[in-house]
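Let's take a walk through a protein model, one piece at a time.

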Amino acid sequence: MPGAIIEARGVHKHFGALHVLKGVDLSVAEREFVFVIGPSGSGKSTLLRCLNRLEQPSSGSIMVDGTDMLDVKTDINKARQRIGMVFQSFNLYPHMTALGNVSLALRKVLGMPRAAAEARAGAALERVHLGDRAGHFPGQLSGGQQQRVAIARAIALEPRVMLFDEPTSALDPELVGGVLQVMRELRESGMTMVVVSHEMAFARAAADRVVFMADGEILEQGPPADVFGAPSHARTRAFIGQIE
Ligand code: ADP
Ligand code: MG
């Protein structure tokens, strides 16, 4: 696909005898917002983790921002700096403030001096609407605020793409909206995003493309209006019917 920033081709992943990804092709254009849905165990997390090589695919090819992620000559730590990742669990350091958590990544990964790191971390916290919580510890923040700190930690590194794996699944319902709002704003700022989530209303409203995975394969994909409004595959229909 011309202009693709992520280009995964024929990706297979086995865990022992378990064949988890069965030849997945996924291209994502710059600034595109791709939403991945599908039943539990279908390989969504494994696919995301292969994209930044947290998992090593068994075969296939993965290019991200012009870098061959599977080439042994690729400096994988450097390549990963351009791929922000947000998980269901926020994994913040409890003994460090929000500002400390975000600036630590900048100091460790980019080697920025403390003052510069804290300035950039403060700006990232502003972007997730937590400028006034910079001095708070994770335990003093709601789950939604903690997840927004985790998003700030990722965007502070100025990634070229962002991967989200069920970013709101661990949150109480009243806290989900604030995280989705931040994701919406990120998308409006031009960030390329691949999001695994069960927030179907959000997908309908905000995604450019919805990808439906089942049993390690992409069964169907297209604009949200098509995939949700007129799914062509029986398994998609069953899945959507179940969720809504
Ligand atoms: P999803 O995110 O769609 O729920 P996953 O990618 O997490 O699916 O998992 C797909 C399948 O791979 C599941 O059967 C899961 O148990 C298995 N799996 C995932 N990670 C591992 C692992 N590290 N070792 C063995 N099996 C795994
Ligand atoms: Mg998963």
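Start with a pair of helices: H5 and H6 cross in the right-handed sense. One thing to keep in mind as you look around is that this is a predicted model.

| Helix pair | Angle between axes | Distance between axes | Handedness of crossing |
|---|---|---|---|
| H3 (residues 98–109) and H5 (residues 143–155) | about 25° | 8 Å | right-handed |
| H5 (residues 143–155) and H6 (residues 173–188) | roughly 20° | within 8 Å | right-handed |

Sorted by class, the contact of H5 with H6 has six nonpolar, four polar and one charged residues.

Which residues of H3 and H5 meet? From H3 come Ala98, Asn101, Val102 and Ala105, while H5 brings Val149, Ala152 and Arg153. The class count for H3 with H5 is five nonpolar, one polar and one charged residues.

**A sheet of six strands**

Next, look for an open sheet built from six strands, in the order E6-E7-E8-E3-E9-E10 and with mixed pairing. Its edge strands are E6 (83–86) and E10 (217–222), and each of them pairs on one side only. On average, neighbouring strands in this sheet are turned by 20° against each other, if you ignore direction.

Zoom in on E3 (residues 33–37) and E9 (residues 209–214): they pair in the parallel sense, over four bridges. A handy spot to check is Val36, which stands opposite Val211 in E9.

**A sheet of four strands**

There's also an open sheet of four strands, ordered E2-E1-E4-E5, and here the pairing is antiparallel. E2 and E5 (67–68) are at the edges with a single partner strand each, so one side of each has no neighbour in the sheet. Strands E1 (residues 4–15) and E4 (residues 59–64) run antiparallel and are joined by five bridges. To see how they line up, find Ile6, which stands opposite Val64 in E4.

Helix H1 lies across E1, E2 and E4, and runs at about 120° to E1.

**Around the ligand**

Finally, ligand 1. Which residues surround ligand 1? They are Phe15, Leu18, Val20, Gly38, Ser40, Gly41, Ser42, Gly43, Lys44, Ser45 and Thr46. Two elements give two or more residues to this shell: strand E2 (18–29) and helix H1 (44–51). H1 gives the most, with three residues.

Methods
Residues numbered from 1 in each chain as written. Chains lettered and ligands numbered in written order. Predicted model: local features only at pLDDT ≥ 70, side-chain atom pairs only at ≥ 80, totals over all residues. Near = placed C-beta within 6 Å. Pairing = 2+ DSSP bridges. Axes fitted to C-alpha atoms, helices over the stretch in contact; angles between N-to-C directions. Left-handed = near helix turned anticlockwise from the far one by under 90°. Contact = placed C-beta atoms within 7 Å. Nonpolar A, V, L, I, M, F, W, Y, C, P; charged D, E, K, R; others polar.
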